[in-house]
Amino acid sequence: MIDQSGGVLEGRTEARERLSSLLGQARQRRGGALVLCGEAGTGKTTLLNLAASSASADLLVLRCTGVEGEAGLPYAGLHRLLHRLLDRTDTLPGPQAAALAGAFGLGEANADRFLVALAALTLLTEAAEHRTILVLADDVQWLDAASRDALIFIARRLEADSVAILFGHRDGSGSEFPAPDLPMLRVGPLDATESRRLLARCGVPLAAETANRLLAEAAGNPLALVELPRSLNAEQLRGQQPLPARLPLGQRLRQAFQARLRTLPPRTRTLLLLAAAYGASDLGTLLAAGALLGATPEHLAAAERVELIWLDDRDLRFRHPLIRSAVYQSASYLERQSAHRALAQVLTDEPERRTWHLAEACPTTDDALAADLARAAERARRTGAVATAVIGLERAAALTANRADQLRYLADAAHSAWQAGQRNHAIALLDRVQEQPGDAVLTARAASLRGFIVHASSSPSQARHIFVAGARALCGLEPELAGEMLVLAARSAWVADEAAALGEIGRLIGLLQLPERGPVKRLGQRFTALARRDLRLPEPLAQHTREATLAWLRPPEPQPWIWPPTLLPYLLGESEEVAHALQDAVALLRTRGAAGTLPMSLPPLVALEASGGNWVSAVANGNEALALADETGQQGAACHLRVLLAWIAAMKGDGAACRELAERALGVAVPHGIASAVAIAHWALGLLALGEGRADDAVEILEQVVTPGTSASHFMVSLAVLPDLVEAAVRAGQTRRARWALEQLESWTLGEDDTTLHAMLERCQALVHSCGHRGEHFRRAGDGTVLSPFESARTQLLHGEWLRRERRLKEARQQLHAALGRFRSLGAEPWAERTRAELRAAGEAVQDEAAETGPMAELTARETQIVRFAARGMSNREIAAQLFLSPRTVGYHLYKIFPKLGVSSRHQLRDLGIAAEDDAQA
């Protein structure tokens with residue numbers, strides 16, 4: 001079979017069926033994506049051409065192709081893809097339109113890469129309301145990273161949209177396709193029969209020995225079967241001359257193309273080199289540059305005759321990416337310089353592209369050019385093209401003769417490399433900065449970045465050492481930066497379970513020349529108190545430290561990844577204030593489309609919602625953040641989110657989910673030394689065992705968290721675990737262990753009497769002390785509203801059990817009924833079943849009942865998020881912008897949600913009492 005673009009297609013039955021299915025589903029508003037992977041020449045481009053040629057009048061084909069020389073130009077591929085839709089940008093939400101304009105050099109907005117991707121998603125899906133769209137992205141391995149990431153972002157969010165995306169990715173290009181979760185089809189070699197049929201199509205009679213040799217050399221590679229005969233002379237084809245010696249496939253194909261290039265006139269080769277160096281396909285620009293080198297349009301005819309290029313009125317495209325590579329690699333260094341210089345001369349209206357070509361053409365150092373390139377790289381970084389920024393900054397460092405500028409460019413390149421997920425490259429660049437004497441502040445900033453990298457990807461403990469060392473070097477030079485580094489060191493110490501180090505950090509902060517009432521100094525006092533197991537601070541210092549915590553969460557630039565750590569506000573009795581501030585921060589980040597920071601911002605909010613009994617919202621936020629964390633490679637955030645979701649699953653009695661989430665989290669947390677996540681994972685598993693009635697197992701698991709020196713211990717998480725250990729030990733009949741756990745809890749200074757921890761201390765004392773004050777302890781534990789619904793219900797269950805044993809049955813039933821109602825409303829079924837059993841023991845006939853469910857119980861996490869925003873009166877477009885979806889996908893989910901909730905229109909959602917808490921706080 002020969003497709004309309006001239007490529008030869010043989011076999012590939014499965015691939016053609018998958019392509020047909022993908023397009024058919026897109027026409028039925030079930031969008032999707034498929035990645036075609038394979039070695040060079042296996043037919044990926046031909047398959048993409050086949051999909052394009054099969055398009056009927058109802059289908060719009062948008063296409064971009066990765067180019068080696070253009071990999072450093074941010075959003076070059078996305079701009080080529082979307083240029084036919086750019087007249088629709090005035091319909092985009094304001095932040096999206098500004099971001100896209102900034103990405104394409106049409107505005108000055110500092111575009112967040114997720115906002116750019118969301119804008120592209122909105123453009124595509126809204127255009128698909130009128131016509132099915134097929135997106136073809138070929139040679140993704142060479143596509144600029146910003147465009148590639150945007151297309152992957154879109155591909156993951158196609159649900160109810162008439163959009164199909166086909167990716168072509170070459171194996172052996174130095175990296176795997178960066179989204180292994182997308183559907184993938186490997187395009188391998190042809191079998192012997194298919195190979196022989198394809199070779200027979202070359203149009204030239206072949207001697208049997210020649211055909212057999214070509215079949216063996218090609219090893220089923222379609223491109224080799226097509227191109228190798230074209231590189232042989234007539235005598236070789238007829239078997240009258242020997243064939244060349246066998247070479248590896250890549251070299252053999254390059255040789256085939258280069259042999260054809262050698263037959264071309266010099267000016268034709270000049271134009272082809274310009275096209276290979278330029279990267280884009282604009283014919284006018286290529287001919288203008290060619291004129292400077294003595295080439296004319298007529299010189300292209302020879303390249304077209306030997307089928308190296310396609311030409312039309314506006315574009316020049318190579319028939320295969322290997323041709324581009326062969327053209328560029330066969331040119332000498334001086335020829336490549338000349339081509340880049342000519343391109344720079346004609347690109348007067350594209351200053352950034354011009355700068356990149358000038359940099360490629362520059363044979364020596366040039367400080368001014370280096371500065372221009374660094375500015376272009378900084379713009380790329382601001383618009384989300386961080387991988388492109390790395391390339392530009394490294395080249396700028398090589399171009400400058402100024403040592404200070406060189407170190408600054410390298411440090412900035414390291415920061416961009418870390419943002420781009422290039423951990424090892426970032427470390428190597430930091431090594432180059434720190435091994436050379438230079439500015440102390442620059443060196444300290446490099447140390448701070450190294451601390452970030454180590455904290456997130458290897459050892460929080462080592463990160464703490466790096467932060468502290470960098471802060472010490474800066475104390476007298478830049479105290480504000482030193483203070484920020486020490487707060488980051490405190491977070492690392494908390495995560496790594498280093499209480500003594502936390503106290504030392506507090507002492508160092510006290511020595512800084514900073515305002516005494518500023519947030520850093522206030523937090524330093526908090527660190528010192530925590531190190532000595534003291535949660536109480538005298539007023540007004542306690543209020544000042546709460547304000548210091550909130551300072552990192554407030555506009556205009558909330559930074560919850562600096563402080564506080566997960567669960568800490570719950571332990572400090574600051575849940576309500578911090579939760580409100582986090583909700584405000586999350587709402588602001590959503591408005592900005594800052595999907596990259598949400599995974600770091602949502603874990604403490606998820607923890608506070610979970611501890612406060614708002615499990616529906618916690619699970620919805622947690623799953624949303626987890627998907628973003630996995631998508632952006634934020635392993636530390638993903639680890640904490642998984643253990644928090646495991647904790648909620650434990651309270652609900654979902655053993656399978658709890659174990660799966662905890663095991664996946666431990667697989668990351670243990671080797672990376674994320675002690676706080678290891679501890680919370682064990683807490684979740686221990687709480688699950690307690691809820692399932694396995695008290696002895698619960699004791700063994702929970703003791704690992706509260707016993708110093710064990711693999712799961714954590715000095716602060718243990719404080720939250722101790723009440724559960726007391727109950728588990730009492731239920732297991734292990735009195736000595738219960739008393740020891742209570743003593744550990746009593747050794748902490750817990751603060752005011754109305755805190756959650758103090759109420760749980762009263763409950764533990766009621767369980768352990770054999771005295772006549774148990775009833776009073778239970779009463780004080782249950783007074784007020786400081787406990788969450790779950791903890792209140794547990795207190796009532798324990799109180800009811802004790803009352804029943806005391807034969808005070810009427811009072812017991814009152815407590816147990818109250819507990820049962822709360823457990824059922826939460827969906828904590830194991831605890832509800834235990835309460836029902838206790839009611840039966842108290843002489844009341846209780847039927848087994850399903851847990852009470854509110855109107856949201858049947859919804860998925862994504863549906864929960866959508867309906868909460870819809871209940872606030874937000875439109876589909878507004879919800880889509882908040883949740884990084886297409887408007888049609890939002891509508892599709894609402895169509896499924898309405899029957900589950902028993903409503904028929906949006907305005908009825910408000911009657912159910914559903915609201916998006918993030919917006920309510922904004």
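Guide: Let's start with a word we will need: contact means heavy atoms within 4.5 Å. Helices (H or I, at least four residues) and strands (E, at least two) are DSSP runs, numbered from the N terminus.

Visitor: OK. Where do the numbers come from?

Guide: This is a predicted model, where local features need pLDDT of at least 70, side-chain atom pairs count only at pLDDT 80 or more, and totals for chains, interfaces and linings use all residues. Residues are numbered from 1 along each chain as its sequence is written, and side-chain values use heavy atoms, with hydrogens and water left out.

Visitor: What pLDDT does the protein average?

Guide: The average is 80, and 85% of the residues score at least 70. pLDDT is the predictor's confidence in each residue, from 0 to 100.

Visitor: Where is pLDDT below 50?

Guide: One such stretch is residues 245-249. Beyond near neighbours in sequence, that stretch has 10 contacts in the model. Residues 916-922 also stay under 50. For them the model has 26 contacts beyond four places in sequence.

Visitor: How many helices and strands are there?

Guide: The protein has 46 helices and seven strands.

Visitor: And what share of the residues is buried?

Guide: Of the 922 residues, 56% are buried. Buried means under 20% relative accessible area, exposed over 50%, partly exposed in between (1.4 Å probe, protein chains only).

Visitor: What about contacts across the sequence?

Guide: Take contacts between residues at least 6 apart in sequence. Of these, 68% join residues at least 24 apart.

Visitor: Now helix packing. How do you describe it?

Guide: Two packed helices are described by the angle between their axes and the distance between the axes. Axes are lines fitted to C-alpha atoms, for helices over the stretch in contact, and angles run from 0 to 180 degrees between N-to-C directions.

Visitor: At what angle do helix 35 and helix 36 cross?

Guide: Roughly 155 degrees, and their axes come within 9 Å. Helix 36 covers residues 717-731. Helix 35 and helix 36 are therefore roughly antiparallel to each other. Angles under 35 degrees count as roughly parallel, over 145 as roughly antiparallel, 65 to 115 as roughly perpendicular and the rest as oblique.

Visitor: Which hand is the crossing of helix 35 and helix 36, left or right?

Guide: That crossing is left-handed. A crossing is left-handed if the near helix is turned anticlockwise from the far one by less than a right angle, and right-handed if clockwise.

Visitor: Which residues in helix 35 and helix 36 meet?

Guide: On the helix 35 side, they include Ala695, Ala698, Val699 and Leu702. On the helix 36 side, they include Val721, Leu722, Leu725 and Ala728. By class, this contact has 12 nonpolar, one polar and three charged residues. Ala, Val, Leu, Ile, Met, Phe, Trp, Tyr, Cys and Pro count as nonpolar, Asp, Glu, Lys and Arg as charged, and the others, Gly among them, as polar.

Visitor: Is Ala698 buried or exposed?

Guide: Ala698 is buried, at a relative accessible area of 0%. It lies in helix 35, residues 695-706. Beyond four places in sequence, Ala698 is in contact with Gly686, Ala689, Leu690 and Ala728.

Visitor: Next pair. How do helix 41 and helix 42 pack?

Guide: Helix 41 (residues 809-826) and helix 42 (residues 829-841) pack at about 155 degrees, with axes 9 Å apart. They are therefore roughly antiparallel. The crossing is left-handed. The contact has seven nonpolar, two polar and four charged residues.

Visitor: And helix 39 with helix 40?

Guide: Helix 39 (residues 774-782) crosses helix 40 at roughly 160 degrees, and their axes come within 10 Å. This crossing is left-handed. Among the residues that meet are Phe778 in helix 39 and Trp802 in helix 40. The contact has four nonpolar, four polar and one charged residues.

Visitor: Where is Arg805?

Guide: Arg805 is in helix 40, residues 789-805. It counts as exposed because its relative accessibility is 51%. Arg805 and Ala842 are 37 residues apart along the chain, and their C-alpha atoms are separated by 8.9 Å.

Visitor: Last topic: loops. Which phi does Asp139 have?

Guide: Asp139 has a positive phi of about 50 degrees, although it is not a glycine. It sits in the loop between strand 3 (132-138) and helix 6 (145-155). Asp139 is buried, at 4% relative accessible area.

Visitor: And Asp497?

Guide: Its phi is near 65 degrees, a positive value in a residue other than glycine. Asp497 is in the loop between helix 24 (479-496) and helix 25 (499-511). Asp497 is partly exposed, with a relative accessible area of 23%.
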